[in-house]
There are 2 protein chains.
Amino acid sequence: MGIGSVHPLAAGSGAGSADFTAALAERRRWVYDYLLDWPGADAFRPADIHDGLLSYVRHAGKGLRPCLLLLSCGAAGGDEKQALPAAAAVEIYHIWTLVHDDIIDRDDTRRGHPTVHSEYGRRARDERSLSDVEAAHYGTAVAILAGDLQQSWAYALLTDLAARGVEGETILKLVRRMATELTPQLLEGEMLDVQFAHVDADSLTEQEVISMLSKKTAALTEYAAWAGATIGLAGQLDSSGLAEKLGRFAYLCGTAFQLQDDILGLTADEGILGKAVGADLREGKRTLVLYRALANATPDERRLLLSVVGRADASAEEIRGVLSIIGSTRAIAQISQMAHNYVIQAIELLSHVPESKYRTLLEQFAKFVLARSH
Amino acid sequence: MGIGSVHPLAAGSGAGSADFTAALAERRRWVYDYLLDWPGADAFRPADIHDGLLSYVRHAGKGLRPCLLLLSCGAAGGDEKQALPAAAAVEIYHIWTLVHDDIIDRDDTRRGHPTVHSEYGRRARDERSLSDVEAAHYGTAVAILAGDLQQSWAYALLTDLAARGVEGETILKLVRRMATELTPQLLEGEMLDVQFAHVDADSLTEQEVISMLSKKTAALTEYAAWAGATIGLAGQLDSSGLAEKLGRFAYLCGTAFQLQDDILGLTADEGILGKAVGADLREGKRTLVLYRALANATPDERRLLLSVVGRADASAEEIRGVLSIIGSTRAIAQISQMAHNYVIQAIELLSHVPESKYRTLLEQFAKFVLARSH
């Protein structure tokens, strides 16, 4: 991306980065151990549901959202271990949205492994001798139900907080905000994403695209940080609005994260990214990079972009042509800069947070969003 | 069915039935008014999600589950109006499972109206000019996301109980049981239903089929009655196990309800039922009636049944042939009798419930399950 060399914010190296990487890895282990040892998982039956539901857990994600939650709990003066069930809840919450999103986006791979619907579709064909159409439908059914059960698992995990001494009133606040604010926002973002792929790119404003992707991604990071801080405050009066400020910090980081994600979808090494470069283009996803490229392109380039984007059958050569045009429009550099600006705003908000090792790690978190390669 | 004439239990007439019908209609109105006036629904966006999500609410169901919840609250000594948000929660919970089930079962109509996925597929074809395949996929995306949002709405509604003075600890109990017991059971039932349609009918026992359909239907009626009684008890020690007994009562009624539902799918008037008679047969649903018919059939009849059931393209004549065989095996009469026996067991449990108008209405509820025509 080249931004790292012009501004210290994006630097992915140095002692701070190593601290954060270790802190992230440690918290990811706590969260995934908690999820994989969860006693209630015995009730997830039959085998296809149980295994389908756990498959994305077994292929652990980066764990950024639970890390945000735990660090925000610490930054608000709480004990991270008390908040662990909520951290596990936001990770599972994230996972259920992926399982359903993969059906909707017709993605076959995720994190380098088959998606739930494609894996169980394949198994139904191979093991149940179903026709291709019936097998695909069976795979979709498994993924719908597994995602549904994961959503309920997220609520179950929030109620686990009671066993760690979190007050009932605080838990109910977390449940209510998840149900009444987070989910409507996130699913609005998902639906708009689907709708935008079917409308003329000319009819969308850059602001509409940013709003859509913030809902898809930043709503959950905001919730995670707010929830962690709310647990950390343990019912104390939050006169300085710490929970909301940490939520806003995480919202800005989440938006930057999504912009970066769209850039990586066009530039990353496929082996590291775990999905095909160009998949977003073939699906016709209205990423901000694409929007900016269209805005910056010459009329000829624009026609070529519009003739390829959104065509599932676009050839590798056509995708390379589109990537070359996107490169020449400087769209990627400009959207990188925009992500960068969000992170600067986010870090400024941390000045309202009392100094601690958690605040330092949150600052490193914000920088990590830009520096990541997958 | 003919059972009504041999046993007073199944009688759908008389003063008791009129009382219950009025009580059901009144409670259904409370619940649907609460849902349709719910202030948080403004957050359900964009229009396709909002309207798709509310479509099954606008075409109100029978409201049996919320009625069970409210009557159980009253039977446990509580104020029904205090429990109203929980009654709305179980109705929406039921609705989200229908929205996803309709995708999985590929049903085009529900309650005489198009299902969410088929309606939004049609609109995408007509209004967004998408191809048939793309339009159907768009309809599925709307229905997946609308159902997801409805699930979270159910949790939101449970948290509304706080505004009616229900203690936080009680609300958390309701949230936890919904997430850790109800949902795994119900979705296990859904998944088994899908799987059973793809295995040889010979390989299933009657007990496996009953267990599947109880999970699909009775888990939610059990939850509804238990939740109502738990709210009604208002944190008092439940030394007589009233909440669990009312839950068991409702579980038995729910199982009888599902058996009756499968019978109605074969015998009811299509106009009243709101879906095509024979749809369950074409889908290959492993209803208990079908299982019993196979067990009772002659080898020739059996071959004919197996050659038609599960074939989406079965002709109207073939379906009539299957219905005639099912009739001659007495499978419907036998399964009616089984439903009848469940209701008798359920009513016996009511002897543990203090006498009140609510107990009387619950008894009438149990009888109504058998007497209904749709």
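Buried area is the accessible area that two parts lose on being put together, summed over both. The model is predicted.

**Entry 1. The interface**

I looked up the area buried between chain B and chain A, and the value is about 4,500 Å². Carbon and sulfur atoms give 69% of that area. On the side of chain B, L145(B), L172(B) and M191(B) lose the most area to chain A. Together these three account for 13% of what that side buries. By contact, 47 residues of chain B meet 47 residues of chain A.

I then turned to polar pairing across the interface. The rule finds 22 residue pairs in polar contact there, with both residues at pLDDT 80 or more. I noted which helices of chain B supply at least two residues each to the side that touches chain A: α2 (47-58), α4 (84-105), α6 (132-159) and α7 (168-196). The largest share comes from α7(B), with 16 residues. By class, this side of chain B has 27 nonpolar, 10 polar and 10 charged residues.

The count of salt bridges between chain B and chain A is six. I looked up the one between D160(A) and R176(B), where the closest N and O atoms are 2.8 Å apart.

Which residues does E188(A) contact, leaving aside its neighbours within four places in sequence? I found K215(A) in chain A, and R45(B) and P46(B) in chain B. E188(A) sits in helix α7 (residues 168-196) of chain A. Its relative accessibility is 6%, under the 20% limit, so E188(A) counts as buried. The side chains of E188(A) and K215(A) are joined by a polar contact of 3.3 Å.

R45(B) and P46(B) are joined by a cis peptide bond, with omega about -10°. P46(B) is in the loop between α1 (15-36) and α2 of chain B. In chain A, a cis peptide bond joins R45(A) and P46(A), with omega about -10°. I placed P46(A) in the loop between α1 (15-36) and α2 (47-58) of chain A.

**Entry 2. The nonpolar core**

I looked up the largest nonpolar core, which has 273 residues. The members that touch the most other members are W153(A), F249(A), I326(A), W153(B), F249(B) and I326(B). I followed I326(A), leaving aside its neighbours within four places in sequence. Its contacts are L266(A), L281(A), V289(A), A293(A), L305(A), A331(A) and I332(A).

Is L350(B) buried or exposed? L350(B) has 3% relative accessibility, under the 20% limit, and therefore counts as buried. I located L350(B) in the loop between α15 (331-349) and α16 (357-371) of chain B. Beyond its neighbours within four places in sequence, L350(B) is in contact with L246(B), F249(B), R359(B), L362(B) and E363(B). I also checked L350(B) against L220(B): they are 130 residues apart in sequence and 19 Å apart in space, C-alpha to C-alpha.

**Entry 3. Positive phi**

A234(A) has a phi of about 50° and lies in the loop between α8 (206-233) and α9 (242-267) of chain A. A234(A) is exposed because its relative accessible area, 52%, is over 50%. R111(B) has a phi of about 55° and lies in the loop between β1 (109-110) and β2 (113-114) of chain B. R111(B) is partly exposed, with a relative accessible area of 26%.

**Entry 4. Salt bridges**

Over all chains the count comes to 41 salt bridges. I looked up the pair D102(B) and R110(B), whose side chains meet at 2.6 Å, N to O. D102(B) is buried at 0% relative accessible area, whereas R110(B) is partly exposed at 21%.

In chain A, R311(A) bridges to D313(A), with the closest N and O atoms 3.1 Å apart. R311(A) is partly exposed at 29% relative accessibility, and D313(A) is exposed at 60%. In chain B, R311(B) and D313(B) meet in a salt bridge of 3.1 Å, N to O. R311(B) counts as partly exposed at 31%, and D313(B) as exposed at 60%.

My last item was a network of salt bridges linking E119(A), R122(A), R123(A), R125(A), D126(A) and D132(A).

How values were computed: Residues numbered from 1 in each chain as written. Chains lettered and ligands numbered in written order. Predicted model: local features only at pLDDT ≥ 70, side-chain atom pairs only at ≥ 80, totals over all residues. Heavy atoms only, no water. Core = buried A, V, L, I, M, F, W, Y, C linked by side-chain atoms within 4.5 Å. Buried < 20%, exposed > 50% of the residue type's maximum accessible area, 1.4 Å probe, protein only. Contact = heavy atoms within 4.5 Å. Buried area = accessible area lost by both parts, 1.4 Å probe. Salt bridge = Lys/Arg side-chain N within 4 Å of Asp/Glu carboxyl O. Polar contact = N/O pair within 3.5 Å; in protein donor to acceptor, adjacent residues only side chain to side chain. Helix = DSSP H or I, 4+ residues; strand = E, 2+ residues; numbered from the N terminus. Nonpolar A, V, L, I, M, F, W, Y, C, P; charged D, E, K, R; others polar.
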